Amino acid sequence: MFKIINKQILRQVASLLHRSQSTLVIAEHTNEKLTPITLNAITAASKLGGEVSCLVAGTDCAKVAEELSKVQGVKKVLVAQHAAYKGSLPEELTPLILATQQQFSFTHICAGASAFGKSLLPRVAAKLDVAPVSDIIAIKSPDTFVRTIYAGNALCTVKCNEKVKVFTVRGTSFEAALTTGGSATSEQVSTPAPVGMSEWLGQNLTKSDRPELTSAKVVVSGGRGLKSGDNFKLLYDLADQMHAAVGASRAAVDAGFVPNDMQVGQTGKIVAPELYIAVGISGAIQHLAGMKDSKTIVAINKDPEAPIFQVADYGLVADLFKAVPEMTELLKKK
Ligand SMILES: Cc1cc2nc3c(=O)[nH]c(=O)nc-3n(C[C@H](O)[C@H](O)[C@H](O)COP(=O)(O)OP(=O)(O)OC[C@H]3O[C@@H](n4cnc5c(N)ncnc54)[C@H](O)[C@@H]3O)c2cc1C
């Protein structure tokens, strides 16, 4: 009997704890559009229980605030507009987040584990004097998170005792929150004086008609086996038939075949598409760390002992220079 009462009390305490959480998600966007990883971060925040608010800081970001107000699970959208937020510099956004935190006292602050979140949240955590938890892949409870270590070879469960939990979210580990059906309120927050220690001058973004690597449903990646940058044309032709993005191994990037924004892996991008086709890639653990959560993995390699076949759902032991054009031709006939 005593044990039963204890369990009931524990359950009530747990549910109260869940309800008392309040999470701030820092939205990543272009002033025009929300970056997809924010939707994954919102899903992660929703798993903590309690209210989810989003902070949109930009120069002219009303459209993004509007978009966010319709996202399911978001209760409040906090909007901060100022010329200083051009380029989302962490030096300028951090004081804003600290001021917002002082006003609302969130229990959790998070963002996607993209270049944006990775450069911003450690700074916020340092200023709050708490240790951040980076790149989480699961949430066990409001203070316990799972993240990968040793290039994804081991999972580490981290209990965070900090007063405010600051963390980044691996986008591929959480579904995107639905972009319709929400009805969040919107509120302007006051903006602290600009710091002015750094200035955003501009950016040169790769232009491509193909889908973005981290959000594509199909990814075709090439490795050192392609032998040259010119030979990547074989993969572009195949990708175009499948509306796929094209990625690469680090060896292909280091050899100068393709630019480094195409690199998949531990020190590149993390992808988890419906279909990942690895062509001329051996399957080093550092590469697997970036793609092994893909739903279906196809490997094309002439070496039947290549480690990539250990994670592949379908393997083709063949010369890629013969197999890939054949696949492209077959798809063209469809
Ligand atoms: C700290 C650290 C971080 C790293 N981060 C990353 C990372 O983010 N991403 C990453 O990819 N790597 C990373 N690496 C490098 C990684 O260890 C491997 O060196 C790299 O992934 C190998 O690339 P590859 O498979 O293209 O080349 P290789 O290992 O050389 O494999 C080439 C493959 O192509 C096959 N092949 C050759 N010719 C043909 C043909 N004609 N037809 C079919 N198959 C053919 C071969 O059989 C072989 O299996 C990292 C390494 C370190 C130390």
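Helix H5 has 14 residues, and its first and last C-alpha atoms are 21 Å apart, close to the 20 Å expected at 1.5 Å a residue. The expected span is 1.5 Å times one less than the number of residues in the helix. Helices (H or I, at least four residues) and strands (E, at least two) are DSSP runs, numbered from the N terminus. The model is predicted: local features need pLDDT of at least 70 and side-chain atom pairs count only at pLDDT 80 or more, while totals for chains, interfaces and linings use all residues. Residues are numbered from 1 along each chain as its sequence is written, and side-chain values use heavy atoms, with hydrogens and water left out.

Which residues of H5 are buried? They are Phe-116, Gly-117, Leu-120, Leu-121, Val-124, Ala-125 and Leu-128. Here, buried means under 20% relative accessible area and exposed over 50%, with partly exposed in between (1.4 Å probe, protein chains only). Seen down the axis of H5, the buried residues fall within an arc of 130°, so they line one face of the helix; the arc is that of the directions from the helix axis to the C-beta atoms. The face turned away from this buried side carries the exposed residues Ala-115, Lys-118 and Ala-126. The buried residues of H5 pack against S1, helix H4 (90-104), S4 and S8. After H5 comes Asp-129, whose phi is positive, near 60°.

The sheet beside this helix may now be described. An open sheet is formed by 9 strands in the order S7-S6-S5-S8-S4-S1-S2-S3-S9, and its pairing is mixed. Two strands pair if DSSP finds at least two bridges between them. Strand S7 (154-159) and strand S9 (185-188) stand at the edges with a single partner strand each, so one side of each is left without a neighbour in the sheet. From one strand to the next, the twist averages 35°. Strand S6 (residues 144-149) runs antiparallel to S7 and is joined to S7 by 6 bridges; in one of these strands, S7, Cys-156 is the bridge partner of Arg-147.

Helix H3 (residues 62-69) touches strand S2 (51-58) and strand S3 (76-81), and its direction makes about 175° with that of S3. Contact means heavy atoms within 4.5 Å. Axes are lines fitted to C-alpha atoms, for helices over the stretch in contact, and angles run from 0 to 180 degrees between N-to-C directions. Helix H5 (residues 115-128) touches strand S1 (22-26), strand S4 (108-112) and strand S8 (165-169), with a direction at about 160° to that of S4.

For residues 23-204, UniProt lists "domain: Electron transfer flavoprotein alpha/beta-subunit N-terminal" in an unreviewed entry. UniProt positions are given in the numbering used here, feature names are shortened, and annotations may be inferred rather than shown by experiment. The end C-alpha atoms of residues 23-204 lie 33 Å apart, and the span is 26% helix and 29% strand.

Another open sheet has 5 strands in the order S11-S10-S12-S13-S14, with parallel pairing. Strand S11 (245-248) and strand S14 (314-317) stand at its edges, each with a single partner strand, so one side of each is left without a neighbour in the sheet. The twist in this sheet averages 15° from one strand to the next.

How many residues of S10 are buried? The number is 5 of the 5, so S10 is largely enclosed by the rest of the structure. Val-218, Val-220 and Gly-222 lie on one side of S10, and Val-219 and Ser-221 on the other. S10 pairs with S12 in the parallel sense over 5 bridges, and with S11 in the parallel sense over 4 bridges. Val-219 stands opposite Tyr-276 in S12 and opposite Ala-245 in S11. Gly-222 stands opposite Val-279 in S12.

Strand S12 is mostly covered, with 5 of its 5 residues buried. Leu-275, Ile-277 and Val-279 point one way from S12, whereas Tyr-276 and Ala-278 point the other way. Strand S12 (residues 275-279) also pairs with strand S13 (residues 296-301) in the parallel sense over 5 bridges, and the partner of Leu-275 in S13 is Thr-296. Helix H6 (residues 232-242) lies across strand S10 (218-222), S11 and S12, at about 170° to S10. Helix H10 (residues 320-333) packs on the sheet and touches S12, S13 and S14, its direction making about 130° with that of S13.
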